[in-house]
Amino acid sequence: MPAFLHRLGRLAFRRRRRMLALWSALVAAAVVCMTAFGGTGKLDNTFSIPGSESQRALDRMKTDFPTFSGTSAQIVFTATDGQKVTDPADSARIRAALDAAGSAPQVAKVVSPFDAHTISADGTTAVAQVRYEVPQSALEPNALDELKSAVAGANQQGMRVDVGGSAFGNAPSQSHRSDIIGVGVALVILTLTFGSLPTAGIPVVTALFGVATAIFGALSLTGTVSISSTAQSLALMIGLAVGIDYALFIVSCHRFHLAHGMEPEESAALAVGTAGSAVVFAGLTVVIAMTGLTVVGIPYLTAMGLAAAGAVLIAVLVATTLLPAVLGFAGTRLTPGPGSRAMRREQAVGGAGEDAAGATGASFASATGENVLSGTSDNVAGGTGEIVASRTGENVASRTSENVMSRTGEHVAGTAANAAERWFRLVTRRPLLTLVAVVASLGALAWPAHDMRLALPDNGTAPSSSSQRIAFDRVGEKLGPGFNGPLLVLADTSHSSDPTTAAQRVAATIGALPDVATVGKPVANPATHTALIQVIPDSAPSDPATKTLVNSIRDDRAAILRDTGATVQVTGSTAVSVDVAAKLNSALIPFAAVVIGLSLLLLLLVFRSLVVPLKAAAGFLLSIAATLGAVIGVFQLGHLGSLIGVDTTGPVSSFLPIILLAVLFGLAMDYEVFLVSRMREAYLRTGTPLGAVHSGARHSGRVVTAAALIMTSVFAAFLTSDSTMLKQIAFALAAGVLLDAFVIRMTFVPAVLALTRHAAWWLPKWLERRLPDLDIEGDRLGPAHAVPESVPLTPSTAD
C-alpha cells in the first residue's frame, strides 16, 4: 500500500491542475444531481423496523384504518384569565379553529375535544387531534406551518393555542451555524499548530471539498432513498472532522520533510505513502464499522451508517488525491521560514538519527553526526550560524547558552513536542500508579451507565420554547402523561363468532391491566373484521412503565385469543420506540464483539504485537464506558446540562450506544496508529522500550493533540442543534474523542507500554511468519526516499 500511495501522491502532485478540475467537477455534479433529483424537503425522519409487530400493524392499518395509519398532531387550547374552554365564547372560537384546521394541507380528519372528551378536569384545557394518512416524512414542507396558521385566529386574549404531537417529532435539524463554528475553531487550532495561516487553510479547504461532495451526493438520493436529517448531519459532522484530521496528518508529514530540505514533489509523495497509509487504514476501519450498522435491520440506522461511511470514504480519497495536488500548487511555500520557531521545532524533532531520549545520551545530531543546519546555514535554534550539536556530544544550546537537555542528559525537542514528551515522561515514571488512576477515574465516570435508559426522542425533549414542547408539557400536566403517547391495539376479530362483542372484551381485558388510564371505544371496520382500540397509559411515553405495559399486552395475547377468538397487535409511536430499543439492545453486544475483535485483528497485523492490540481494546472499552456514563450524567441525570442547552432530562437515544461504538472505534484507531507506529519505529531502531515511548510523544504528540482538539471542536459545535438526538450524538463524540485521545492514548497507552517494556513488542515467531506485513509506516519505500540531510531551500516557483 505505501508504494502505491507514493506513486498516487506523485501523480496527483504532477497532474495537480487535472486533479483539481476533477474534484471541482465532482462537486458540481453532486450539486446538479441534488437540484434535479433530491432536496432537503424529502428527508425521511421516520423510525421503523420492517417485520416488527408495530410495523406490521401499521402496514395493515393503511388499508383498514387509513386515518389512523399516518402521523398526527395535537392542538392544545388553554383558557386563561379564569375562563374555561367550555364557556360559549371560547368553545365557539375553538370550533372555528378546528374547522379551519380541517382545510389545512393533507389533513385527513380533525377530532374535536368535545366529541372525544379530551378536556381537563378543571376545564381550562382542551386537546384536539389532527390526523394525517401519511407518515411524518411524507408531509409537505409547509404542512405543519399551514396548520399553525389555520388555528392562529383562536390565539387571542383569554385563549392560548399550541400545536404539537408526533407530527412535529424528529423535525429536521439545522446545522449551518454548527458548520461555521467547527470550521472556524479548526482553523484557529491549525494555525497555532503550523504557525502559518496559509498552511492551516489547506486541510480546511480540502475537507470542505470532501464534505460538499458527500452531502450534495447524499441529498441527490433523497428522491429514491430514505435519508434522515440526522444521517445528513452525522455525515457532515464526521466528514468534516476526519477530513481535516486526515489532511493534518499528511500536511504535517510533508512540512517535516520540507523542513529537512526534501524537494516538494518527493516530500508530498512520501507523505502520502507513509502518513497516507495510516489515513487509509484508519478511514477504512471507520467505513467498515459504519457499514456494519446495516446488519441491525433498521432503515433509519442503515441510512446513518451508510451516509457517515460515504463521507469518510470520500475524505480518504480527498486526502490521498486532492491534497497532494494542492501541495503541488503550494510548492515550497509551506516550508517553515529559516530561523522560525516552526523550523526549529521540525528540525529538532526529526534531525536525530536515533532516539533523542536513548540510554546512551548521544547528542542531538543528524544520522551522520554532522551539524543540523537550516537552508541558509543559520543556527536552527537562533539564526547565528552556531553549531547545533557537535560530534563530541556537547549540549544543544540556544543563543543564550541555555541547556536544551534535561539534567539527566535527555534531549528535548521543540516547545510543543516538549509538552507531549514531558507528559509522557511523567506518566511513565510510575506507570502502575498511572494505570490505577486512569482506570479509577474512568470507572467513576462510567458508573452512571449501569442505569442507562434508552428510548427514541419525543417532544418532551424538544426546546422548551417550541410549540410542540409547550403542548407536550400542557397535555401531560392537565390530561396525564399517557395522552402524549397513546397505544393503538389492532384486533383481528375475523375468527370470532361476534366481532363487536369480541372487540369490547379485548378493550375490557386491556383496561384491567396495571398502568392503564383509559381505554377508548373500539373503532370497527366491518369489511375487514378488525377493530382499533386506543389505550392511554398512566405513564409518559419514555417511562419504563409504558414499556412494561406494551409487553404486558403482548404477553396476554394468548389469553385474549382463548377468551375472545381475536388476535391483537400493539402499535403507535410509543410501541415503535419500544421495538426499536429492543432491536438495538439485542444487537449491541454482538456488534461490540465484532468491533473489538476487528480492532484486535487489525492492530495485530499493523504492529505485530500481542500487547498493543489487547491494550488498545481495553482502552477502547474504558473510553466507551466513560463516555456513556458522561452522556447519561448530562442528559438523563441532568448534571451540567444547562451548559449545553439541555433544559430537561430524559432517556438516552436508542441509537446512541451503537453509533458511538462504530464511530469512536475508527477514530480511536486513528490516534493509535499515528502514535504507536512512531514508538514501534523507534523501538526497532534503538531497542530501548522506554525511549521509544518518549520518541513517539516527540514525533506524534503535537499532531495527535491538534487532531483530537480539532475533532472535538467540530463535534462540540453541533451542540447548538435543536435536535435532541443530534445534540446527544455530538456530545458523546466530543467527549469520547477527548477521553480516548488524552486519557487513553496519551496516558493509558504509554503507561502500559512502559510497564510491559520489551514484552509490549513481542510476537511469537510462528505467528509472525504467518501474518502479512502491512507496512503502515512505509519502511519498504526504502532509503531512496529518505530525508536528505541538508538541502538549500529556495523560494517557490511552483504554479
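In which crossing, left-handed or right-handed, does α15 pass α21? The structure is a predicted model, in which local features require pLDDT of at least 70 and side-chain atom pairs pLDDT 80 or more, whereas totals for chains, interfaces and linings use all residues. Residues are numbered from 1 along each chain as its sequence is written, and side-chain values use heavy atoms, with hydrogens and water left out.

The protein has 25 helices and eleven strands, taken as DSSP runs numbered from the N terminus (H or I, at least four residues, for helices; E, at least two, for strands). Of its 799 residues, 57% count as buried, that is, under 20% relative accessible area, with exposed meaning over 50% and partly exposed in between (1.4 Å probe, protein chains only).

Helix α15 (residues 431-446) packs against helix α21 (residues 611-636) at an angle of about 40°, the axes lying 7 Å apart; axes are lines fitted to C-alpha atoms over the stretch in contact, and angles run from 0 to 180 degrees between N-to-C directions. α15 is therefore oblique to α21, since angles under 35 degrees count as roughly parallel, over 145 as roughly antiparallel, 65 to 115 as roughly perpendicular and the rest as oblique. α15 passes α21 in a left-handed crossing, the near helix being turned anticlockwise from the far one by less than a right angle. Val439, Leu442, Leu445 and Ala446 of α15 meet Leu622, Ala625, Ala626, Gly629 and Ala630 of α21, where contact means heavy atoms within 4.5 Å.

Zero disulfides are present in the structure, a disulfide being a pair of cysteine sulfur atoms within 2.5 Å.
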